[in-house]
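Hello,

Here is the structure I promised to pass on. Please load it before reading my notes.

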Amino acid sequence: MKCNHISEPLGYELDEVVLSWITTGEPGGYQSAARVTISPDAAMASVIYDSGKGAEVSGIAHAVKLEWQPRTRYYWQAEVWTVSGGYAASSISWFETGKQAEPFTGRWVAASREQTHPRFRKKFRLEQLPVSARLYATAAGLYEAELNGSRIGSEYLAPYCNDYDTWLQVQAYDVTSLLKAGENELGAMLGSGWALGRIGMDGGAEQLYAARPAFLGELILQLEDGSELVIGSDESWMAAAGYVTDSGIYDGETQQAGLRQPGAEEWSSVEVVPSPVRGQLQGRRSLPVVVKEKLAVREILHTPGGDVVLDLGQNMAGWLAFRAKAPKGAEIVLEYAEIMQEGEFYRDNLRTAQQRFTYVSDGEEREVRPHFTYFGFRYVRVTGMEWIARGSVSGWVLYSDMEAGGELKTSHPLVNRLIKNALWGQKGNFLDVPTDCPQRDERLGWTGDAQVFAQTASFNMDTAAFYRKYLYDLAQEQSKLNGAVPTVVPKMIKGNAYSAAWGDAATIIPWQQYVQYGDTGVLKQQWDSMQGWVEYVRGRAGERHLWLNDFHFGDWLAMDSVTGDLSGGTLKELVATAYYAHSVHLLSKAAAVLGKKSEAERYRALYEDIRRAFQAEFVTANGRIVSLTQTAQIIAVQFGLLPEEWNKKAIDTLAELIVKAGYKLQTGFVGTPFLCRVLSEYGYNDLAYKLLLNEELPGWLYPVTMGATTIWERWDSVMPDGRISENGMNSLNHYAYGSIVEWMTSYMAGIQPLESAPGYKEFRLAPQPSSRMQGVTAAYQSRSGRIVSSWSQEGRQLHFRFEVPFNTTARLILPHCAAEELQGWTEAGLRQPEQWGTNCCLTLPPGSYRFVYTPAGDYFPQYNSYSDLRDLLADSRRAELVKAIIPEIEHKQHQIYGMRLPNMRTMQFVTGLEDSQLDQLDQALEEQYKDLIEAEAVKG
C-alpha cells in the first residue's frame, strides 16, 4: 500500500493524493470491485472519503483530491472483491501531511560569519511528555539534527539537492520517542552541501544558492490535553563552532574531534536572519537518502610505493565508517578512488575533486563517519591505519530509499555481472538526483543520462517518487528559461546550451513513468514542462520543422567519428530533428490521455509535418538515410520516422554496418539504448545477442572481462593493458550504457508494458530466446503485482514459465512456435492459440503457466565459411571440424580477426585459403548441422 508511490509518507508535499495497492493471495481471477476509505482516526470511525464499492476503483492508481489539513495524519484502507466471490480488506495504512501553507513560527538563525560549519542548540523543559511530537526542519547548506544526544532520523544530506532558487524542502520527523520529562536539548549541525559548497563544472563555484549557513526548525508537541507547545528556532538559541570544520560534496570533510563538546564559554547567541535562500518553503519531495547496504573490506593492499589501500571489491557511492582508537592529536586520513594503476593508488581521473576525509582524534574511542559529503570509490588509501580498530571498517552504501523492483538472471555469468553492474551504477548515482557519476568534480543531474536509463531504472527499482521530484525540479528550471531544458537539473553549471536528447528528458521520462506506473498525475504535473520544451524547440526549428544550427551533444561518445569528435559520426541535425519529432509524438499522446483533444490533434499533425521534413532532408528518394551510421538507422526506425517499407532497408543497413565493423557496435548515448531493441524487433534477434555477448572492445562485456563492477562512461574507459584511457572525462561509474538491461527485460525475457493499459493492467509477454544462451529468468514487481517470465533451452526444446498477477491480462507471443506443437495450452481458461507467422499467440488470465515445444524455423542457426570465425570456434564441435579441414587456421586466425569482416571467405585474399577447402568446410558444417538436429530431436 502506497500513497504517492511511497509507503506511509510523512511530511511530503501533497496536493492530489494517489493511493495504490497490490492484491495477492488469489490464485487466479479478476477484481469485480474495490473500495477506498480515508479517515483522520486510526479506528476509521469518521470517514472523510469513501470511493464507494465500484469496478472502476483501481489499485494501480486511485486519485483523491480533498482539502488536506496541515500536520495531520490520515488513515486509509482498501477493500477488494473478486469475480469468484472472494473478499479481502487491507491493513490500515497512513500518510501524514507537513506544514503545507502554514507559516513557520520559528525563524532562520545563523552563527557568526566565521563559523562556516556551526552547530545550534536549544534547551527546554517539559513537565509532561507529549502525545506526539514532530520536528519540521530545513537549512541553507546541509544539516543533521539531534534530540537529547540521539540523531534524529536515519537519512543523510538533507535538505537535499534541488533548485533552491525556486523551492526549499522542509523535512518532518517523528521525535516522540526521543523526548523525556524534565530537561531536553534540541540541536543541529550544518555543512556546506549544494547550496553553499563548491559545485558545478570547470572547478565549480561556491555559494550558488546562499551566502551563509543557516537553520530553520520548529518542534511541535501535541499534549494530552489537546494543546500544542511550539519550540521554534529564534534568538534564544545558541551557536558554537562544529567539530566538522570543513566539508564539500567534491572535496570531502575534516573533523576535529576535540570540538565535539564546546565549553559553556564557546556558545554564543545566534543571529536571526532573513531567509538565506530565495526559494519558497515546501513539504519534502525527495525520498530519504539512507544507508541501504554495508560492505566489508575485501582486501587490504600494500602497494609498491608503501601505501595501505582498502579494496571494497565494489565501486560504490557512500563512505567508510570506522572506530577510531587514536591518541589525542593523531590524524587519520582516507582518500577515495575508483581504480588502481600498476599496483598503485590512482586518482587522476577525479579532476579537481579531493575526495578526502580527515579525522583528528581527541583521544577518545569513537565511531567515525562523514556527515556532509559522500564519495564514489572502490579503493581507499588510509594514512593512520594503525589507529583504526581492527574489524571496525565497513563501506556504507548510500542512495535514495527506493524499493527493489526487478530481478534478472541468465545462464551466462558475464551477462549476470553486467546486470549487476547496471544495478550498482544506479545505486551509485541515484542519490536524490540521477547524477552522471559519484566521484569526480561533477556529480550533476544530467538530463540525457537520466532519460536513456529511465526504463532500466524503473525495472531495477521503484522510481516513481524519485523521478517525480527530479521532474518537478526540471519544470522549475524551465520556467526561468522560456521552456528550454538545461542539460543539467538542477542547473548548477553556467551557459545556455540546450541539446536534443538531453532536453527531451522533459517528455520522455514523464511518458515512460506514466506507462510504467499507470499514474496520470505525472503527466498532469509535467504537462506545462512537456509542452514548454516542445514549443521551445518548435521556435528553434521554425516552419521547415528541422532543428538545425544549434549546439547539440549528438550521439555522445560514439565510436564512429572519423575526426575523433566526442559527438560521434551521426549528423547532429538528424539526431536533433528525430528527437524533436519523438517529443512531439509523446506530447500528442499525453494530451490524449489527459483529455486535451485539440492539443492531441494539433501535435499529432505537427509530428507528421516533422516526419515529412525529416524524410525530405535526411533520406534519399529510395529510402537510404544520408548519415550512414548505426545510430542514424536506429533512431529513424525507433521513432517511426520512415514509411514502413523503408524500415527494413534501414535495419538491413544497420546489420550491414555492424558486420562491417567486425560485429561491433559503434553507438553512443543516443543510439545504444535502442540498438538491440530494433534488431530484435525487426528480425535480427541473433545479431542482438551476438552484440551483447561480445567480450571485445567496444562492447558491454568488455568492461566485465576487465573487472568492472559498475558501468563505465566510455566503451574504452580502461584499455586492454589495464591503463585508464584518459583523465579529463572518464568515470568508471556512469550508468547510461547500462540501459541494455531494458532490452534484456523487454526482449530476452519479454516483459513489456503496454501504453494502452499502463501500470501493467495488461502487458505483453514476448520473450525472444537465442541459441546463444541457455536460459533467462526475470521477475518484476509491477504496480499490478509480480510478473515472471522465464525460459530455458533443453536439448532441442524450449521450456517457458510465466506468472500473471491478479486482475491483469498478458498477451503471450511464443517465438518459433507452431500451435499444434504447443503443450500446455489446454489448461483451464486458455483460449485456442493463434498462429501469427512463425509465432504462436495466446491471451493469459491471472495464473501460473508452463509451455514446452520444439522451436520451428531457423532458431538454431546454421554456420558456414561466411560466418564470423569467432562463432565457428566458439563451439567445440564446430571448432574441431574447422581445424580438421583447415589445419592452418591456427596461424591464420590473427590475420582474420584483425580485419573488419572476420570470416574466412571474405578474408580469402589475405589468408590464401583455397576455395576447395572452404567448399569442403561448408559441406561438412551442413552435414554436422543435420546430424545435430536429428540427434537433439531424438534426445528431446
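Below are my notes on a sheet, a helix and the aromatic contacts.

First, a caution: this is a predicted model.

The sheet. Three strands make an open sheet, ordered β1-β3-β6, with antiparallel pairing. β1 (2-3) and β6 (62-64) are at the edges with a single partner strand each, so one side of each has no neighbour in the sheet. β1 is joined to β3 (residues 17-20) by 2 bridges. Lys 2 has Ser 20 as its bridge partner in β3.

The helix. α8 (residues 597-618) has 22 residues, which should span 32 Å at 1.5 Å a residue; the end C-alpha atoms are 31 Å apart, in agreement. Its buried residues include Tyr 603, Leu 606, Ile 610 and Phe 614. Glu 599 and Arg 611 are also among them. The cover over the buried residues of α8 includes α6 (521-541), α7 (572-593), α9 (630-638) and α10 (644-660).

The rings. The count is 47 aromatic pairs. One of them, Trp 446 with Phe 553, is edge-to-face, at 6.0 Å centre to centre and 80 degrees between the planes. This pair links distant parts of the chain, 107 residues apart. Trp 446 sits in the loop between β37 (433-434) and α3 (447-460), Phe 553 in the loop between α6 and α7. Trp 446 is buried at 10% relative accessible area, and Phe 553 is buried at 13%. Tyr 849 and Phe 851 are stacked instead: 6.5 Å centre to centre, 15 degrees between the planes. Both are buried.

Charges over rings. Arg 73 lies over the face of Trp 94, 3.5 Å from the ring centre.

Best wishes

Terms used: Residues numbered from 1 in each chain as written. Predicted model: local features only at pLDDT ≥ 70, side-chain atom pairs only at ≥ 80, totals over all residues. Heavy atoms only, no water. Pairing = 2+ DSSP bridges. Helix = DSSP H or I, 4+ residues; strand = E, 2+ residues; numbered from the N terminus. Expected span 1.5 Å × (residues − 1). Buried < 20%, exposed > 50% of the residue type's maximum accessible area, 1.4 Å probe, protein only. Contact = heavy atoms within 4.5 Å. Phe/Tyr/Trp six-rings, centres within 6.5 Å; stacked < 30°, edge-to-face > 60°. Lys NZ or Arg CZ within 6 Å of the ring centre and 35° of its normal.
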